[in-house]
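Reader: Could we go through this entry together? Please begin with the terms.
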Amino acid sequence: MDVWHVTWFSLATAAGATAVALPIGVPLAWLLARARFTGRSLVETIVSLPLVMPPVATGLILLMLFGRRGPLGRALSWVGIDVVFTWKAVVIAMAVMGLPLLVRTARGGFEQVDRRLEQVAATLGAGPARVFLTISLPLAWPTVVAGAVLAFARALGEFGATIMIAGSIPGVTRTLAVAIYSYAETGQDRAAVALLAISTGLAFAALWGANRLAGGSRA
Amino acid sequence: MHVAAIVAAVLLAAGAGPGWQAPAPEPITVSAAVSLTDVLQEVAAAYAQNGGGTVRFNFGASNTLARQVVEGAPVDLFISADEAQMDVVAKAGLLDAASRADLLANRLAVVVSPEHRRAFTSLRDLLDPAFKRIAIGDPAAVPAGVYAKQYLERAGIWEQVQSRLVPSASVRAALAAVDAGSADAAVVYRTDTHAAKRAVVAWVAPIWEGPRIIYPAAIVKGRPAAAQARRFLDFLRTATATRIFEKYDFIPVESRPR
Amino acid sequence: MVLAFQLTQGEFTLDIDERIEAKVTAIFGPSGSGKTTILDAIAGLRVPSRGTIAIGDRLLFDSSASRNLPPQHRRIGYVPQDVGLFPHMNVRRNLLYGRHPGSSPPLDRVVRMLEIEGLVDRRVPQLSGGERQRVALARALMCGPAVLLLDEPLAAVDLPLRRRILPYLQRVRDEMALPIVYVSHDRDEVRMLADHVLLLDRGRVRQSGSPAAVLP
């Protein structure tokens, strides 16, 4: 019973995190692929950080930002929004961890789009936004989707940052990964193994799908 | 007629009618060490049955929990697996200092794989060469590991067993190692032995000999549900709660002012 | 048309200073001489280090005045060397992509001029080489440009086909009142289409004049 709730909660938050990451990550990937602007290397590096830093460290930074004492946390609590220890924290942690994968994958897709096509579109009167929406994005679509699926899979498996900023509150912020840890720690092996099987199955399906999509675009 | 209706309405509103419900008390969030997961959930169930409110638990490693409180996470009550982490929160000025008290104590135990089953006469029996791999929590990271190291040092056998030690990510992992057969013995909390599948208890550290393992509890300052947190903390000292703690082999500490 | 600018890319520098009144100007020269770079600069796809680019009375680029009109505002019709049809759209959507309600010619006029009526609903991969050229030309015309830039439009097309497409280019030249800048390395084409020729070599104009004068 609890197993299905945890699974549903993880799928919902991972989907939410992917939905949050997409409007930020896809345009960013395009900018990094095409535009030359001051601070570009800095942006590239910051976006990639969650990939190489220990997730717990990333979680700590998020906690310092969104906790009651942090700049974002304080601003949000004036508007009556609390992040830490709620599902919002889960979504944020997942989005932050999945964003680099989305950006890196999508960027590769955009770089493969023939630059000439974008240039011709510009001469035909399309501004950068229209070029992005009508030329770059449709042509890079399979790779962008693959990036989104990867981000989703990463979000599903996210543990270190989530547990720091969302805690491990049964029924409120317990994702698959957190629940597996918790059950394993308290010796409830059957529940842990059941969740493990579900988790592995979902990750497998997501990665397999992502590979098919990215490979399909090369065909 | 109108007066009677008004009076009746007032009486109903005041609770004279049937089905009167007390307003639900605010739920509280309790951050507690992972080793307390099972026992606290049972205690919270008893609390609810006794008219208490909803308790939401956030179980984790004590250093992570302390960090969360310091950064302003919405925690009402903090129960730590060691005093060092409670001190971290106290130093940040976030504890209701008067509420801080030692709640529970624990003891160390040595478990061994069934093939090496025996009853120790002292901790020194661990020196037996049959115990080629001894799992403990990582002394660099985990309170249980710190306590294990303290205990071995005080018994004067730390140097001799050091080469045979297998540091594990958590004390439960150390126990699991013996269950799986990848370790011959492990130093764990006595309260962990319930979860053993194959490992058997060979030794329980006597209270006067083992390290002082204390779980302090304190209310976090300035929270709206402080009164409810106080109610729960008080419940943890009642006979009902004490019985549950003892059932899991935790040792309730007598309430005294710090 | 005023093309007076310098553009450096790596080791290559394009330095040009020409004022052109002709209807069809051909840029003739060996590969690597900078022909495509000139078109890119006019279109705003590459930015010169300094200089001026103007078409008629419209100033597109002026480094001394910090003026650099982005490509989408320059009203340029560009057919690149690899044609550049949008593969994910059918011919109709390609044609209508740059349509500007105010200044675009009617679609059927352009379609008829280039004889692509039957192709309008086809998908790009289904088109032959010659069909693609005509569709790309039509697309460039459909944005109602102030100038037409053609980069070796017949280079990838075999000889018999070239003979058949040339009349379309002449038709465009004659029926649309547009200045055309035409890059080619084929003398015959240049003689049949151009009024004025710029002979380009390693980034500089070596000769400038009528086809008869420049290309013996």
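Author: Domain bounds are taken from an automatic or database domain assignment. The model is predicted: local features need pLDDT of at least 70 and side-chain atom pairs count only at pLDDT 80 or more, while totals for chains, interfaces and linings use all residues. Residues are numbered from 1 along each chain as its sequence is written, and chains are lettered from A and ligands numbered from 1 in the order in which they are written.

Reader: What domains does the assignment give for chain B?
Author: Domain 1 covers 23–105 + 214–252, and domain 2 covers 108–204. Their C-alpha centres are 28 Å apart.

Reader: How many residues does each domain of chain B bring to the contact?
Author: Domain 1 of chain B contributes seven residues and domain 2 of chain B six, where contact requires C-beta atoms, placed from the backbone, within 7 Å. The domain 1 side consists of three nonpolar, two polar and two charged residues. Here Ala, Val, Leu, Ile, Met, Phe, Trp, Tyr, Cys and Pro count as nonpolar, Asp, Glu, Lys and Arg as charged, and the others, Gly among them, as polar.

Reader: Turning to the sheet, what is the strand order in chain B?
Author: The order is E2-E1-E3-E10-E4-E11, in an open sheet of six strands with mixed pairing. Strands (E, at least two residues) are DSSP runs numbered from the N terminus, and two of them pair if DSSP finds at least two bridges between them.

Reader: Which strands are at the edges?
Author: Strands E2 (55–60) and E11 (251–252) of chain B, each pairing on one side only.

Reader: In what sense do E4(B) and E11(B) pair?
Author: Antiparallel, over two bridges; Ala105(B) has Ile251(B) as its bridge partner in E11(B).

Note on methods. Helices (H or I, at least four residues) and strands (E, at least two) are DSSP runs, numbered from the N terminus. Two residues are in contact if their C-beta atoms, placed from the backbone, lie within 7 Å.
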